[in-house]
Amino acid sequence: MSLSREVDYVIGRFDEAKARIPRINAARAGDGWRTDRNWRRWKGAAIFAVVAAGIIWLAATIVGIVLNGIGLEGLGLAVLATAMAIGYAIWRSREKPIVDYKEDMPNKAVVERLDMLLVRKRPALPAPAASRIDAISRQLPLLESRLAETATLDPLAQDARRLMGKHLPELIERYERVPPDYRRERDGEGLTVDDRLVQGLDAAGKALDELGRKLAREDMDAFQTQGRFIESRYKDDEGLRGE
């Protein structure tokens, strides 16, 4: 291989690596919220285990002082109790099953349920669909924080609940029911089952983005109203002199 070809080869590999960077960053951003959730779950389990073990050994120490020793049996009980506390902490932090959607489920729980479902289903989906799942996952933190403060019967909350609690999970569930051998067959419009899945996820992502914008718009409008009130009330210190 000549020097010029080697240079072209190296430049080509560099361009390929550079082109992969946005995709890698997007995948990491999609996993960020989930990673934070997992970290909080394991952190809570570790704190529980440490506190429980501390209480157990503090109690063993106090009993030992009072009784002038706890003996091998007492030591064994303390070790057993510590092991049980650690086991319970690990059991508490385990990945919970996805519960069925219910109409009386709180808004926050609806978002958390969708997040769990997307995490479980993503590995089995084709790459184009997985990238859409990541994009939807990046929208969930805003929706969770806004919907947690929104009444369940609010029209926007109802739209979000239907999409996140029923329609989007049903789309993925119906896709999974199609045998893999039939997913690449084209329908009357020339689209495969994989194509339909991607289109459905795109539509869901756009709808969630619009819902997030509408929910944020209420806060923006309230902020602007408060700003105009303060400006009109205290401009040029007229409001202070009028008190």
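## Overall fold

Among contacts in the chain with a separation of 6 or more, 68% join residues 24 or more positions apart. The model is predicted. Its secondary structure comes to seven helices and zero strands. Read from the N terminus on, the elements run α-α-α-α-α-α-α. The chain has 243 residues, and 28% of them count as buried.

## Helix α3 and N107

Helix α3 covers residues 107-121, which is 15 residues. From its first C-alpha to its last, α3 reaches 21 Å, close to the 21 Å expected at 1.5 Å a residue. The buried residues of α3 are N107, V110, V111, R113, L114, D115, L117 and L118. An α-helix has 3.6 residues a turn, so residues three or four places apart point the same way.

N107 lies in α3. Is N107 buried or exposed? Its relative accessibility is 4%, under the 20% cut-off, so N107 counts as buried. Leaving aside residues up to four places away in sequence, N107 touches L147, T150, A151, T152, A157 and R161.

## Helix α4 against α5

Two packed helices are described by the angle between their axes and the distance between the axes. Helix α4 spans residues 127-148 and helix α5 spans residues 155-177. They pack at an angle of about 150°, with their axes 12 Å apart. Angles over 145 degrees count as roughly antiparallel, so α4 is roughly antiparallel to α5. The crossing of α4 past α5 is left-handed.

Which residues of α4 and α5 meet? From α4 come I133, I136, L140, L143 and L147. From α5 come A157, A160, M164, L168 and I172. By class, this contact of α4 with α5 holds 10 nonpolar residues, no polar and no charged.

## Helix α5 against α6

Helix α6 covers residues 193-234. The axes of α5 and α6 come within 11 Å and cross at roughly 165°. These two helices are therefore roughly antiparallel to each other. Here too the handedness can be stated: α5 passes α6 in a left-handed crossing.

On the α5 side, the contact uses L156, D159, A160, L163, M164, L168, L171 and Y175. On the α6 side, it uses V193, D194, L197, G200, L201, A204, A207, L208, L211, K214, L215 and E218. The contact of α5 with α6 divides into 15 nonpolar, one polar and four charged residues. A160, M164 and L168 of α5 meet α6, and these residues of α5 also meet α4.

How many residues does α6 have? There are 42 residues in α6, which should span 62 Å at 1.5 Å a residue. The end C-alpha atoms of α6 are 61 Å apart, which agrees. Its buried residues are D194, L197, V198, L201, A204, G205, L208, L211, G212, L215 and A216. They pack against α4 and α5.

G200 also has its place in α6. With a relative accessible area of 22%, G200 is partly exposed. G200 and L171 are 29 residues apart along the chain. Their C-alpha atoms are separated by 7.4 Å. Both G200 of α6 and L171 of α5 belong to the contact between these helices.

Notes
Residues are numbered from 1 along each chain as its sequence is written. This is a predicted model: local features need pLDDT of at least 70, side-chain atom pairs count only at pLDDT 80 or more; totals for chains, interfaces and linings use all residues. Side-chain values use heavy atoms; hydrogens and water are left out. Axes are lines fitted to C-alpha atoms, for helices over the stretch in contact, and angles run from 0 to 180 degrees between N-to-C directions. Helices (H or I, at least four residues) and strands (E, at least two) are DSSP runs, numbered from the N terminus. Angles under 35 degrees count as roughly parallel, over 145 as roughly antiparallel, 65 to 115 as roughly perpendicular and the rest as oblique. A crossing is left-handed if the near helix is turned anticlockwise from the far one by less than a right angle, and right-handed if clockwise. Contact means heavy atoms within 4.5 Å. Ala, Val, Leu, Ile, Met, Phe, Trp, Tyr, Cys and Pro count as nonpolar, Asp, Glu, Lys and Arg as charged, and the others, Gly among them, as polar. The expected span of a helix is 1.5 Å times one less than its number of residues. Buried means under 20% relative accessible area, exposed over 50%, partly exposed in between (1.4 Å probe, protein chains only).
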